[in-house]
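Colleague: I'd like to learn how to read salt bridges in a model. Can you walk me through it?

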Amino acid sequence: MTTTLLPRHPIGTSDLAASALSLGSWHTFDRMDFADAVDLVRYALDRGLNLFDVGVYGLPGQPPVFTDVLWGAVMRAVGVPRDAYLASVKLWIEGFDARGFTPQLENAFLRTGLDHADLVILGDLRRDDVRLEDLVGDLAALTEAGLIRAWGVNNWSASTIHALRRIAAERGVPGPQIAQLKYSLARRSIPDGAPFAELFDSGLSMQSSDVLEGGILAGRTSPDREIGRDPGAIREAIVATVPAVTELAEKLGATPAQLAIAFTLSHPANATTLVGATKLAQVRQNIEALDLLERVGADELRSLVEPFWVDRGIVDPEGP
């Protein structure tokens, strides 16, 4: 069992270093008893976890969502100093307008109690009427104002990230430091493909996300809540791999979730793996995935899970 603190890895060329595991807030804190959530976060912090991903996830016309508000209350109840953790805030391109991201950021601060974001992650790029130059300029201004420290993108294509970095370099301002990508035993085509390898070689970091496919790769093949998108329409094929994933995990003396998480930790560009947890036991087991990786070794682990790569030849490595 791992007893040392989680290792930390640099986020791009920024001055930030993230723990190998990070905690997400989507569909988590709003499903927990408050005291249990405080215990969970306190335990994670004690084990060296320092990066928390939060966002305003409510959609127009849908019931309000308060998971980010609850996260802020949890952090205050834990009493952790602000400089002892990193807050990663999601910003949505759908809400970007002439005022830039400032209104979204102010709303996030109002709801969470934060006064700055260490990292902001731009959500999926679903608009074609937004100039990349405007995004880079606005984020540079927020950085200059001390409201954010670094930024990255969520599931953007390799060519668009190249363009963002080129614009930032031309202007002498910070570009994206990290790409949050779906990465799992089943979904490897983009993070393991050539277009992103070039970006990683140039210093971009990765944050692995959706690593359990909404719990499916942990053995919960019929999720009872909303889970992430299904690029390539491969979810049924992923479900079909679960018995073999479970069998391999048992042979390795691990749980399927630990196997799935350990795999993401084996990617050399992965600064941190984003996981959701609603039980303290889940956090404890997730941290033990580091033991599995150390015991089996990255090369051997990646070889053993090769048969579970479902999106090969189906999803374009360039990204969405």
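Colleague: How many salt bridges does the structure hold?

Modeller: A salt bridge is a side-chain nitrogen of Lys or Arg within 4 Å of a carboxyl oxygen of Asp or Glu. The structure holds 22 of them. This is a predicted model, where local features need pLDDT of at least 70 and side-chain atom pairs count only at pLDDT 80 or more, while totals for chains, interfaces and linings use all residues. Residues are numbered from 1 along each chain as its sequence is written, and side-chain values use heavy atoms, leaving out hydrogens and water.

Colleague: Which residue forms a salt bridge with Asp 68?

Modeller: Arg 111, with the closest N and O atoms 2.6 Å apart. The pair links distant parts of the chain, 43 residues apart: Asp 68 sits in helix H2 (residues 67-78) and Arg 111 in helix H3 (residues 102-112). Helices here are DSSP runs of H or I, at least four residues, numbered from the N terminus.

Colleague: Is Asp 68 buried or exposed?

Modeller: Buried means under 20% relative accessible area, exposed over 50%, and partly exposed in between (1.4 Å probe, protein chains only). Asp 68 is buried at 2%, and Arg 111 is buried at 18%.

Colleague: And how exposed is Lys 251?

Modeller: Lys 251 counts as exposed at 64%. Its salt-bridge partner Glu 247, 3.9 Å away between the closest N and O atoms, is partly exposed at 44%. They lie four residues apart in helix H7 (residues 235-251), so about one helical turn separates them.

Colleague: Which residues are linked in a network of salt bridges?

Modeller: Arg 188, Asp 192, Arg 302, Glu 306 and Arg 312.

Methods
Helix = DSSP H or I, 4+ residues; strand = E, 2+ residues; numbered from the N terminus.
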